[in-house]
Amino acid sequence: MKILFLHPNFPAQFRHLATVLGQDPRNTVVYATNRHEGQIAGVTKVVYEKSRTAHPETHHYVRPLENAVLEAQGAYRVAQKLKDRGFYPDVVYGHSGWGPTLFMKDIFPKATLLCYFEWFYKSYGSDASFDPSDPINADDEARIRIKNAPILLDLATCDRGLSPTKWQRSQFPPEFHSKIKVHHDGIDTEYFQPILNAKLFLPRIDLDLTGAKEIITYVARGMEPYRGFPQLIETISILQKKRPQCHFVIVGKDRVAYGKSLPDGKTYKKVMLEQFSLDKSRVHFTDLLPYNEYLQVLQASSAHIYLTRPFVLSWSMLEALSTGCLIVASDTAPVTEVIEDGVNGLLVDFFSPEQTSDRIIEALDHRDQMAVIRIKARETILENYDLAKLLPQHLQWVKDSV
């Protein structure tokens, strides 16, 4: 089989699929991306570039669409070079929304177009209208509607689609559900597994918590309201008063990955640390970590906080479950598809740092009882999200599309 993967990032959601396809010498696997870093054995990576970004004068509703078209042009140009060299894929598999898939049916009309559908934007009923302190207006409604333009084009054009969770597929218009299969990428349960009495020592960043009895962990790509970062800091301020020996490890970058940035150029980290006076000797910001260090954080966790608006479910939550973390998570739709309160995790009101801190204290004070929940957390991933089971099914879905 000849397959062309498309994603601005590398290897992103296609890491495992591209790897297994690249290991089979009968396949020709090409991955077109914006990312120069990284390689996968057996996979030919080609880099495409956007000629420019959307003009500042472009109407702000339309800028995401203009950027998607520019992304599509870059992908088309590199596809033309591949075609000139005799490469005609049987399958093109790309991430919808960014843009690279938009013109693939034009340059490779006989190829099967598969799209990874991660999110469909709505003004109401999910992430945008979730926070009552940040209401949306008519301008937001119009902007959000137009943001779906490249996704709708992919929905109309693709042969088949895939979405990682039922919640995420439910956001798409019902008339397209028959085109979209629910299938998660899968979690590497062999890698993300618990270690009894694990200690946390990361000499690269001079973090030694081998003597800590209580370590509360939090992981996110950015420090932002979408992933409950302001509520996290308030929770820490409460817990520090009640648990004087407790340490907090925050993995993530001081940036906004999803949602709005602050208008004055400040970061949410700076604003929240100005608002709450914390004992910084017990709060450890690690920045993003390589996988081996990230795994050690999860393995040493006494309790793991995961907060999210009704939005895309983070891989990190499933990886934490696989590692046997005691998860204290927001009672929001993407989470409750996976976690049942008191069974494989503890659920809290997203907007209640008081409740979050109470449940963390509950977890710390009843570790024997929580051990059962930890076991069930890992079982949830082994039963429903194990890469060893899901990857062959994903591969078969691709093969069946040819």
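These legends describe close-up views of a predicted model.

**View 1. Length and N-terminal cap of helix 14.** Helix 14 runs over residues 387–400. With 14 residues at 1.5 Å a residue, helix 14 should span 20 Å, and its end C-alpha atoms are 19 Å apart, which agrees. Asp386 caps the N-terminal end of helix 14. In this cap, a side-chain oxygen of Asp386 lies 3.1 Å from the backbone nitrogen of Ala388.

**View 2. The buried side of helix 14.** The buried residues of helix 14 are Leu387, Leu390, Leu391, His394, Leu395, Trp397 and Val398. They cover an arc of only 155° around the axis, which puts them on the same side of helix 14. An α-helix has 3.6 residues a turn, so residues three or four places apart point the same way.

**View 3. An aromatic cluster that includes Trp397.** Ring pairs link Phe5, Phe10, Phe14, Tyr31, Tyr93, Tyr116 and Trp397 into a cluster. Trp397 is also one of the buried residues of helix 14. Phe10, another member of the cluster, has the charged end of Lys45 over its ring, 4.6 Å from the ring centre.

**View 4. The ring pair of Phe350 and Phe351.** The model has 22 aromatic pairs. Among them is the pair formed by Phe350 and Phe351, which is edge-to-face. The two ring centres are 5.0 Å apart, and the angle between the planes is 75°. Phe350 has a relative accessible area of 4% and therefore counts as buried, the limit being under 20%. Phe351 is partly exposed, with a relative accessible area of 33%.

**View 5. Lys269 over the ring of Phe285.** The charged end of Lys269 sits over the ring of Phe285. The distance from this charged end to the centre of the Phe285 ring is 4.1 Å.

**View 6. Cys115 and Cys158.** The count of disulfides in the model is 0. Cys115 is in no disulfide, and the nearest cysteine sulfur, that of Cys158, is 4.8 Å away. A disulfide would need the two sulfur atoms within 2.5 Å. Cys115 is buried, with a relative accessible area of 0%.

**View 7. Cys325 and its closest cysteine.** For Cys325, the closest cysteine sulfur is in Cys246. The two sulfur atoms are 14 Å apart, too far for a bond. Cys325 counts as buried, at 0% relative accessibility.

Definitions and conventions: Residues are numbered from 1 along each chain as its sequence is written. This is a predicted model: local features need pLDDT of at least 70, side-chain atom pairs count only at pLDDT 80 or more; totals for chains, interfaces and linings use all residues. Side-chain values use heavy atoms; hydrogens and water are left out. Helices (H or I, at least four residues) and strands (E, at least two) are DSSP runs, numbered from the N terminus. The expected span of a helix is 1.5 Å times one less than its number of residues. Buried means under 20% relative accessible area, exposed over 50%, partly exposed in between (1.4 Å probe, protein chains only). The arc is that of the directions from the helix axis to the C-beta atoms. A polar contact is a pair of N or O atoms within 3.5 Å; within protein, one must be able to donate a hydrogen and the other to accept it, and residues adjacent in sequence count only if both atoms are side-chain atoms. Rings of Phe, Tyr and Trp (its six-membered ring) pair if their centres lie within 6.5 Å; planes under 30 degrees apart count as stacked, over 60 as edge-to-face and the rest as tilted. A charge sits over a ring if NZ of Lys or CZ of Arg is within 6 Å of the ring centre and within 35 degrees of the ring normal.
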